[in-house]
There are 2 protein chains.
Amino acid sequence: MKPSIPIDETHRRPTAQLEVPPRLLLGPGPCNAHPRVLQALTMRQVGHLDPCFLEIMDEIQTLLRYAWQTHNEVTFPVSGTGTAAMEATLANIVEPSDVVLVGVKGYFGHRLVDMAGRYGADVRKISKPWGQVFHLEELRQALETHRPAVLALVHAETSTGAKQPLEGVGELCREYNCLLLVDTVTSLGGVPLYLDAWGVDLAYSCSQKGLGCPPGASPFTMSPRAFEKLQARQTPVANWYLDLNLLCKYWGRDRTYHHTAPINMNYAFREALRLVSEEGLEQRWQRHQATAELLWDGLSDLGLECHVKREFRLPTLTTVRIPDGVDGKAIAQTLLHDYNIEIGGGLGELGGQVWRIGLMGFNSRPENVLLLLAALKRVLHQ
Amino acid sequence: MKPSIPIDETHRRPTAQLEVPPRLLLGPGPCNAHPRVLQALTMRQVGHLDPCFLEIMDEIQTLLRYAWQTHNEVTFPVSGTGTAAMEATLANIVEPSDVVLVGVKGYFGHRLVDMAGRYGADVRKISKPWGQVFHLEELRQALETHRPAVLALVHAETSTGAKQPLEGVGELCREYNCLLLVDTVTSLGGVPLYLDAWGVDLAYSCSQKGLGCPPGASPFTMSPRAFEKLQARQTPVANWYLDLNLLCKYWGRDRTYHHTAPINMNYAFREALRLVSEEGLEQRWQRHQATAELLWDGLSDLGLECHVKREFRLPTLTTVRIPDGVDGKAIAQTLLHDYNIEIGGGLGELGGQVWRIGLMGFNSRPENVLLLLAALKRVLHQ
């Protein structure tokens, strides 16, 4: 068989065997995966409807409920990165002209606004300066004014490092008969989080931060109240890949084919959740807190200032003010180039003003803090 | 720090170390990944904006252009499985009330209809019995009747094993001033495919079939003509995660953050494409054809019949008629249980009527055919 058309060799080229530098990932994510997670990732594949894979899917759902402290039946990873899980929550819950109230106090609040709008929501915003959080009374006032179908808040704002307190918000939402949607991308697995006790109706997250897994499978959950709204939709979900009606048939009892799940990513994700369960949430949250405090004290010794008030600081992600006269980008590049340490720059409004330092999952260890502080000290005083 | 709320231990449970059976995946996909691909998958992570990762992204785009035989600048993997890439093509190209003409001759044609409808398209259908293909004259007639903005065809229908000839279709679409959208999920990397020479404007695929990679990163490409339509949109793309305007800023020169790419999946995907480039397309297509012919001859020796006429048969996926009186599902289960060989059952209209046998990527090797035939013979005559 000769090809009917000559093959164009323009883009065929020899490429070297993959070689990646030994980075220590202390930016806003991804973090380095736990070695056991990487090992699981590389296991040989089985089919996406293999009895053995169905069992893995069940284990994942159970362990994910533990990590999120929820009994929601609809709790599983979406086959994409955290942004896909964010989109899944909005695509399924928003019907055209639903009022969605978004608390904006950083980049990811803005993203929620943009996405909800694309699904036809009547989006209302309340805003705070980046790095601050909303108080319960402010939320009550906004609910009173806008009477939304959904209140969307970012628990852990990855662009600012601030932690939105959620105690009492669920009760408030019930009082105003609206659903509570929460972004837990930078909190799940590293920051105290009680979905059921806090009355959260919809949440999403990612795998590559507090859970210490590579990116590619992203937690999603929905309370029975939210599921009722989904069932009562008048219009089809405007997203086939993320349509929960179809996804629940694959992850639930029917086991109907919907799409080919990322098999190896699910192996890895299971292992990451298994590590959470072995360590225990209390221990894990304490570890993240202790590692962060070590960082905060060390930064203060270096004369550096955190952007967020201590009581609202995330243990997973710290924003550090870049001192006047210092070229923040150059410092980050030198850390990467000379010491293989990645930290993040500011995003959006905080661009050029802060560094973002992540201590998440497997990377939340004191030795990483000591190394970073030592390297930072050296690079700042070069 | 004691947790403020007692931790619910209901879903915390000990789980065993991951152990998966040594399946030989000869169903419709996923197939077993090449060992070099699995090795790449497990490499330590770098950040999604690391200079080293940006280089990997460039290599992926180049090698993917070779595999697809296209010069399209917009050519990269979407961060999800094949269904996400399918959704990306429709979400970006369809504006509400655009006429989209879909050729339906299997399950995936129906899926295109469903998805296009969700993005507001005025969907028109032409249909053929499952296992058959459209002739050029039929397509011309349908274009004449419907005058669509987009003609969508499935090149390799995974539910039937039929290959839609595409020679001449691109010219036809230009004559009728419409875009040609092609599903190459089960053809890329295993079946002759010349996107540019055939005038294909939009195509998508998956990683876990002809490319021999795990699922989780899915090829997408768009011609300059299609890109023009995207630029001329009056409405925003109704899907944030898959919005090409945003994705192109990350995969193109700007390198603007959009989402955290699945780092390890991209390592694996690069390695899979590297193997395609090393082997060469001509050699690779011939290998798939030769392996398939070995299967077809062997099936005939066993008295089994293929569902699709020989000239339209895919070398990657063969549908085999289940003989009268044989319990097709039981046979597949015995193959899996006794010999660790996975084959697929029929989907949709062909449910219960056929088995689906895939010989794709790394799995397209004569030894796999011999083993399958031997096992099938034994199981059929038990």
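B:Glu95 lies in the loop between α3 and β3 (99-104) of chain B; helices (H or I, at least four residues) and strands (E, at least two) are DSSP runs numbered from the N terminus. The model is predicted, and local features need pLDDT of at least 70, side-chain atom pairs count only at pLDDT 80 or more, and totals for chains, interfaces and linings use all residues. Residues are numbered from 1 along each chain as its sequence is written, while chains are lettered from A and ligands numbered from 1 in the order in which they are written.

B:Glu95 is partly exposed, with 18 other C-beta atoms within 10 Å. On this scale a residue is buried if 20 or more other C-beta atoms lie within 10 Å of its own, exposed if 12 or fewer, and partly exposed in between, with C-beta atoms placed from the backbone. Leaving aside neighbours within four places in sequence, B:Glu95 is in contact with B:Arg233, B:Gln234 and B:Thr235; contact here requires C-beta atoms, placed from the backbone, within 7 Å. From B:Glu95 to B:Asp183 there are 88 residues in sequence and 19 Å in space, C-alpha to C-alpha.

Most residues other than glycine have a negative phi, and most peptide bonds are trans. B:Gln69, although not a glycine, has a positive phi of about 55°, and B:Asn177, also not a glycine, has a positive phi of about 55°. B:Gln69 sits in the loop between α2 and β2 of chain B and is buried, with 22 other C-beta atoms within 10 Å. B:Asn177 belongs to the loop between α6 (169-175) and β8 (179-183) of chain B and is exposed, with 11 other C-beta atoms within 10 Å.

Cis peptide bonds occur in each chain. In chain A, the bond from A:Gly29 to A:Pro30 is cis, with omega near 0°, and A:Pro30 is placed in the loop between β1 (24-25) and α1 (35-41). In chain B, the bond from B:Gly29 to B:Pro30 is likewise cis, with omega near 0°, and B:Pro30 is found in the loop between β1 (24-25) and α1.

Strand β10 (residues 218-222) of chain B is mostly covered, with 5 of its 5 residues buried. In a regular strand the side chains alternate between the two faces of the sheet. From β10(B), B:Ser218, B:Phe220 and B:Met222 point one way and B:Pro219 and B:Thr221 the other way, and all are buried. Pairing of strands (at least two DSSP bridges between them) links β10(B) to two partners. With strand β2 (residues 74-78) of chain B, β10(B) pairs in the antiparallel sense over 5 bridges, and B:Phe76 has B:Phe220 as its bridge partner. With strand β9 (residues 202-204) of chain B, the pairing is antiparallel over 3 bridges, and here B:Leu202 has B:Met222 as its bridge partner.

Chain A is divided into domain 1 (24-30 + 281-380) and domain 2 (35-277), with bounds from an automatic or database domain assignment. The C-alpha centres of the two domains of chain A lie 26 Å apart, and 25 residues of domain 1 are in contact with 26 residues of domain 2. On the domain 1 side, α10 (281-301) and β11 (317-321) of chain A are the elements that give two or more residues. That side has 12 nonpolar, 9 polar and 4 charged residues, where Ala, Val, Leu, Ile, Met, Phe, Trp, Tyr, Cys and Pro count as nonpolar, Asp, Glu, Lys and Arg as charged, and the others, Gly among them, as polar.

The contact between the chains takes 78 residues from chain B and 78 residues from chain A. α9(B) gives the largest share of the chain B side, 8 residues, and by class this side has 37 nonpolar, 25 polar and 16 charged residues. Chain B can be laid on chain A with an RMSD of 0.0 Å by a turn of 180° and a shift of 0.0 Å along the axis, after least-squares superposition on the C-alpha atoms of residues with pLDDT of at least 70 in both. The two copies are thus related as by a two-fold rotation axis. In chain B, B:Gly80 has the C-alpha nearest the axis, 2.4 Å from it.

Terms used. Two residues are in contact if their C-beta atoms, placed from the backbone, lie within 7 Å.
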